[in-house]
Amino acid sequence: MTKFSKFAFFALAIGSFAFVSCSDDDDPAPAPATPSIYARLGGSTLVADPDNPGQMIEAGRLSYRKVVNSTVGLIVADVQNNASGNLGAHFAPVLTEVGAGNTTNLAILVDNLTDFFSFNTGGTNAVNTYSGLNMVAAHNPATNPRMGTTSTDANYTKFVGYVGAAAQANGVAANTQLYTDIVAVLESLRDPIVQ
């Protein structure tokens, strides 16, 4: 073999090795996308609605509704017990109505919160459409008469704590990525809510 032939053979061998070592089989598989929070809470799978016998509800929406209802229960319990830092002033209009036996606006609040969180965390079906006020207007008593007062950082931190406790009471463990992701969504809303 001549020098040129040996060089050509060597170059061909190295080139073949390079192409073989770069094959698609060696590429790591792309990491699977993390399912949405809504999907991890049960998603669009239909389940029996415990509050409406004979009707079905998306499992993700039911999970949110349970957390919202539990959050409202925790807030009301603190207001009734006159707990330090309770959020009674924020929900005074609605709480006054409920005290008088009118639960209409409380039901609207629960539905709006369920819609908002379902829609904004991956609920794609029409049932999860949010058509309420934007977060700034919803939390400003001048534009939302159901809001008693504006929120401070401390008020919002208290609210996040209520939601966290409600999530845990409904099966979302605090040491999970799902819990961390839910808190991250709440924290992303802090700026428009605290006014």
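Predicted model: local features only at pLDDT ≥ 70, side-chain atom pairs only at ≥ 80, totals over all residues.

Colleague: Which residues have the most contacts inside the largest nonpolar core?

Modeller: In soluble globular proteins, nonpolar side chains tend to be buried together. Here the largest nonpolar core has 27 residues, and those with the most contacts inside it are Tyr156, Phe159, Val172, Leu186 and Leu189. Two or more residues each come from helix 2 (37–40), helix 3 (59–80), helix 5 (104–120), helix 7 (153–169) and helix 8 (177–188). Helix 7 gives the most, with seven residues.

Colleague: How should I read helix 8, and which of its residues are buried?

Modeller: Helix 8 has twelve residues and spans 16 Å from first to last C-alpha, close to the 16 Å expected at 1.5 Å a residue. Its buried residues are Leu178, Tyr179, Asp181, Ile182 and Leu186. Viewed down the helix axis, these buried residues fall within an arc of 165°, so they line one face of helix 8. Their cover includes helix 2, helix 5, helix 7 and helix 9 (190–193).

Colleague: Is Arg190 buried or exposed?

Modeller: Arg190, which lies in helix 9, counts as buried because its relative accessibility is 15%, and the cut-off for buried is under 20%.

Colleague: What does Arg190 touch?

Modeller: Setting aside residues up to four places away in sequence, Arg190 touches Asp153, Tyr156 and Thr157. A polar atom of the Arg190 side chain lies 3.2 Å from the backbone oxygen of Asp153.

Definitions and conventions:
Residues numbered from 1 in each chain as written. Heavy atoms only, no water. Core = buried A, V, L, I, M, F, W, Y, C linked by side-chain atoms within 4.5 Å. Buried < 20%, exposed > 50% of the residue type's maximum accessible area, 1.4 Å probe, protein only. Helix = DSSP H or I, 4+ residues; strand = E, 2+ residues; numbered from the N terminus. Expected span 1.5 Å × (residues − 1). Arc of directions from axis to C-beta. Contact = heavy atoms within 4.5 Å. Polar contact = N/O pair within 3.5 Å; in protein donor to acceptor, adjacent residues only side chain to side chain.
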